[in-house]
Amino acid sequence: MQKIISAVQTRLADQFTIANEPIASIDLMERASVAFVSRFIEEVPLKTTMIAVYCGVGNNGGDGLAIARLLAAKSYMNVKVIILQHSFKTTIDFEENLRRVQQLKLPVHIFQSEDVLPIETSEVIIDAILGSGLNKPLEGSLKKWVEQLNQQKKHVIAVDIPTGMFADEPNSADSVVVKTDLVISFQRPKLNFLLPESASVIKRWHVVDIGLDEHFIQSCESELALIEEKDIQSILKKRDNFSHKGTYGHSLIIAGQEETMGAALLTAEACLNTGSGLTTAYVPSLGLVALNTRLPEVMAAIGEVDKIQWEKYSAVAIGPGLGTDDHSIEILKSTLKNFRGPCVFDADALNVLSADSSLLDLVPEQSVLTPHVKEFDRLFGAHENWTQRVKTMQKESTERELIIVLKNRYTLIASPTGMIYFNLTGTPAMASGGMGDVLTGIIVSLLAQGYSAIQAAMAGVYLHGKAGNELEELGYSVIPASKLARRINKTIGKVRSTK
Ligand SMILES: NC(=O)C1=CN([C@@H]2O[C@H](COP(=O)(O)OP(=O)(O)OC[C@H]3O[C@@H](n4cnc5c(N)ncnc54)[C@H](OP(=O)(O)O)[C@@H]3O)[C@@H](O)[C@H]2O)[C@@H](O)CC1
Ligand SMILES: Nc1ncnc2c1ncn2[C@@H]1O[C@H](COP(=O)(O)OP(=O)(O)O)[C@@H](O)[C@H]1O
Ligand SMILES: [K+]
């Protein structure tokens, strides 16, 4: 698990590394710049490319100057430096790198606040104007310059963070930020890279290791962390030699209506392939033929709700394609009343809970809720931005002792301990109908197999995304949910075998 740290904590990590490695500040800047350049070369391999490095006068600008020098040393022939003199308060390392650049005789153009920037003729812009030292939204000449740069629609690569973007607090909707194709960021992604608002200014980001003290970073107080594959490997258990189907639990999936039987099938198929010992689907009787034809391994439960033998099941998933009519409400109420084991609430189950907060209050502790953003806002109220949603998740999850999985490109998982875990696996190729049903099937299966609620949510989300990544690598530009439901067992096998 990698802690995500704030801009302030990053500064402390810089200082700690400088004092304890020990390393001179200027040498740490050099190391960061070397790390940037090694990734930049992969992005822009052509040495004749015209590159303009836009520098501020703080340490981000210092990085920019070092990067310009290092690129020239790597035989990039057309590198020029533009210094935006937004302040006269320069840093020592900026000054030192300016001296080094001037010795090389690289073209350096300096612009003062009142100056108008000429139209940029270079093909690639490196944004080293401001980094994590941003302390207020851009204004005045800096804002004007950045607006002008954005209009030119160049290939922009930012150093550490796009100029104007806060690392860990929300930018207002009208704030001006450099629009980037790639951010090469130092040591950790910034919180805001992981929230959907960043999409308007960041197409891709990549983190490079600049050798900050990891022990210090991991000891920082932070309630935000990134899930790593080794975390999932340590969760996943091997299947024992003398185990049998009874060892791996019995999942009940309550899903589907006449027009949405597919949701029940997808959930059940994913559950089966994730390793649940037995899987039963409670579906309308008109769905029986489909279920028996498509998934002969899955048993069916049909008929009156009060006939369900709740004690047979180790875990329940309720909601995909269930509808929100009276019958669905009755099934949900019955689940809340009768089932004592771990439960996943998804889709229409969440919609029913949103419509009646007294039902939401009955959801047992350690249940897993898997809303997408609309379901989340229906459950917990409208939000102005994702920073607010993160706070709400934390509050609701700790107060209600629930695991909340807020699905997105980078799905967030809130634990009742107050921690928020970010998952980085997954791909936009997974943005297709039924994908959430598959996730629900994976999570309920893990619950039935005896994993704790937080383990099942973390492993489920990670493996779901990882299966998507693997299919994309096999050539799928869009992944049908059923394809992923059939792939998941292979993904689990691979993650487990690399232990
Ligand atoms: N420390 C290290 O060893 C390492 C650091 N590294 C690099 O340092 C970067 C952080 O550098 P930094 O702290 O110097 O801040 P930076 O982003 O350059 O800006 C500071 C300047 O911005 C100004 N300013 C702020 N907001 C403003 C606004 N809205 N509009 C106008 N001005 C504004 C502020 O002015 P002030 O408000 O103080 O007057 C100050 O002059 C980090 O992202 C990474 O790239 C790496 O080399 C690794 C080693
Ligand atoms: N752009 C994306 N990148 C990564 N994962 C995605 C993306 N879009 C959707 N997903 C994943 O697909 C699933 C969609 O869930 P949901 O919206 O409930 O779909 P459905 O209701 O069709 O089943 C979530 O797990 C989400 O994380
Ligand atoms: K920058």
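Mentor: Two residues are in contact if their C-beta atoms, placed from the backbone, lie within 7 Å. This is a predicted model: local features need pLDDT of at least 70, side-chain atom pairs count only at pLDDT 80 or more, and totals for chains, interfaces and linings use all residues. Residues are numbered from 1 along each chain as its sequence is written, while chains are lettered from A and ligands numbered from 1 in the order in which they are written.

Trainee: Which residues does UniProt list for "binding site"?

Mentor: The entry is unreviewed. Its annotations may be inferred rather than shown by experiment; feature names are shortened and positions follow the numbering used here.

Trainee: Why do they gather at one spot?

Mentor: They span 104 residues in sequence. Yet they gather at one spot, because no two of their C-alpha atoms are more than 9.4 Å apart.

Trainee: Is D127 buried or exposed?

Mentor: D127 lies in strand 5, residues 124-128; strands are DSSP runs (E, at least two residues), numbered from the N terminus. Buried takes 20 or more other C-beta atoms within 10 Å of a residue's own, exposed 12 or fewer, partly exposed in between, with C-beta atoms placed from the backbone. D127 has 30 such neighbours, so D127 is buried.

Trainee: What does T163 touch, leaving out residues up to four places away in sequence?

Mentor: T163 sits in the loop between strand 6 (155-159) and strand 7 (180-186). With 28 C-beta neighbours inside 10 Å, T163 counts as buried. T163 touches D127, I129, L130, V146, V177 and V178.

Note on methods. Helix = DSSP H or I, 4+ residues; strand = E, 2+ residues; numbered from the N terminus.
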